[in-house]
Amino acid sequence: MNSPASIAVLCRGVTKEFGTGEAKVQALRGIDVDILYGQMTLLVGPSGCGKTTLISIMAGLLDPTAGEVSLLGQNRRSLSGSRLVRFRAENIGFVFQQYNLLPSLTAVENAAVPLLIRGVRRSEAIERAMGLMTEVGLRDRAFALPAQLSGGQQQRVAIARALVNEPRLLVCDEPTAALDAHAGRTVMNLIKRVTVRGDRAVIVVTHDNRVFDLGDRIIAMADGLVETTAEESMQSGVH
Amino acid sequence: MNWLAWKMLTGDRTKYFGIVFGVAFGTLLIAQQSSIFVGLMRRTSSQIIDITSADIWVMDQRQRNVDDIRPMPESRLHRVRGVVGVEWAVRLSKSMVRVRTLSGDFTQGILVGLDDASFTGAPLEMLQGHHLDLRRPDGVILDFDGYRQLFPGEPVTVGRVLDMNDRRAVVVGICRVTPPFQTFPVIYTRYSQAVQFMPRERNTLSFILARAGRGQDLQVLGQRISQQTGLKAMTWDEFFWLNIGYYIDNTGIPVNFGITVMLGFIVGGAIAGQTFYLFTLENLKQFGSLKAMGVTNLRLIGMILFQATIVGVMGYGIGLGASAGFFELMESSGQADLRGMWVPWQVAAIAAVAVGLIVVISSLLSLHRVLVLEPAVVFK
């Protein structure tokens, strides 16, 4: 049993349905899971098992059909509309599979976007983003456009962007899927090194079994349900 | 966030210029064609525009425009002069004549006969000579563009001899006039001489130009003249608009230009709208990311409207500038075809409204896609 203070995201009996009538699909069928601060939690499972739906709910991008969700100590139901949008901007960082960098912005400008969204002055935002660029090892490529960077470098920019706001929850969706084995491992190592700390929870959705050993905890999903969690997965040799 | 919107917009130069081009093209067509239409309509009233010294134009009751001359007997002039409130009234004749040069070249011309004593209605801008030179035997004043038609490539100088209705006429002055609709030469002479040049008719009086006495209400005076003489009496404004109304009602010109203007609106709107829409579609993932990262719908609307305003203002500026530049070029090149045409502020305002509509429609199409976008799309 985890202490409430150590739980960043709590899900109890979470279900999610899409469509209606005969077209109805049950993506999640009663999820009970805790995401803990200070850990990198890997969410694994075959395609269509509900991983993306679950992290979308955990990141406040989707509403669950039923069940209780607590995000960073806040009841999800109490967050809606502009409060939810502000909550996301202030507390959640995202790393996407396809990086989703703005092609017309330089690397450091991309990293500064979340600060700009929060209304920080551009010069200050760039300065703060530059610090993160150093941390992810891209200071010398800070003024390159995304098209001038390799896939691995773009993902490092995306990590810098996700961290620039000092989020308490970092959600990474298949961050290594578009990368080769070496670049993928570098990125995962980077995520583990620069993102995991005591007051932050990190969730990584991944298919990539080459990086399973980097997770502090693994949640395996199948068919809309949590199949195994944490050490169980590691011990039963999911990877 | 406007900075971000600007960077997103200009990031893809090809699309950015495509949208601006669409708006500029629409503006150019709308502004240029509308201006030519307005210019042509003004040209139909060129003789009215050029005579500013008369307050009231008096003519036959059935006359419908400035070219549809119904000559009146001379006695009508005295009747008008007898109306209380008329300070003075003078004759004016206007007719079409065949003008021939000594080299044998000939063309139709607009002959204007001015009151022998006052020369009321004489051209305001003389390039050579003086309107008093009309007192010389056989003297006529020819407009500059007409001179270039009759004597192409030859030095512009007075003293040239013309032939009208087998009578000799000597060019004693060269003037600048508002170009007429038919682009024929405009020839001014004394009234007494004009009747010699024009084809023989029983009546030769085309118009009576009247000046109102001090403090007279022009419309009231016009009605009084009409009541007492049985003639049509109109103020400058009334006659100007009657004339333009005639051409609008009885020719295909407005429909023709209207179609071109509409095409400009549709084609410009289609290019700008479609490109802007595609631009938004291609950036949908980016907009989704921004939404996920905490950008509200309201701010996204602001960003898209900002982008639309930028392309609208740029396109409008370029299109309007190109229209104005076109007319300026025509004017400075000495081409008579489009001389005296410009982009009136009313046309600029109409073009601005049209561009505004194009931009709003384009934005609405794009906004819809962005607003209904689920931020969770970023994980798909």
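Colleague: Among contacts in chain A between residues at least 6 apart in sequence, what percentage join residues at least 24 apart?

Modeller: The model is a predicted one. Two residues count as being in contact if their C-beta atoms, placed from the backbone, lie within 7 Å. Of the contacts in chain A between residues at least 6 apart in sequence, the share joining residues at least 24 apart is 72%.

Colleague: What radius of gyration does chain A have, and what would a compact globule have?

Modeller: Chain A has 239 residues, and buried residues make up 49% of them. For that number of residues a compact globule would have a radius of gyration near 18 Å. The value for chain A agrees with this, being 18 Å.

Colleague: Which strands stand at the edges of the open sheet in chain A, and why is one side of each left without a neighbour?

Modeller: The open sheet in chain A has 4 strands with antiparallel pairing, in the order β2-β1-β4-β5. Each edge strand has a single partner strand, so one side of it has no neighbour in the sheet. These strands are β2 (25-36) and β5 (74-75) of chain A.

Colleague: Which residue in β4(A) is the bridge partner of Cys11(A)?

Modeller: Strand β1 (residues 7-18) of chain A runs antiparallel to strand β4 (residues 66-71) of chain A, and 5 bridges join them. In β4(A), Cys11(A) is partnered by Val69(A).

Colleague: Which element supplies the largest share of the side of chain B that touches chain A?

Modeller: The contact involves 23 residues of chain A and 19 residues of chain B. On the chain B side, α1 (2-11) and α10 (284-292) each supply at least two residues. The largest share, 6 residues, comes from α1(B).

How values were computed
Residues numbered from 1 in each chain as written. Chains lettered and ligands numbered in written order. Predicted model: local features only at pLDDT ≥ 70, side-chain atom pairs only at ≥ 80, totals over all residues. Pairing = 2+ DSSP bridges. Rg over C-alpha atoms; globule rule 2.2 N^0.38 Å. Buried ≥ 20, exposed ≤ 12 C-beta atoms within 10 Å, placed from the backbone.
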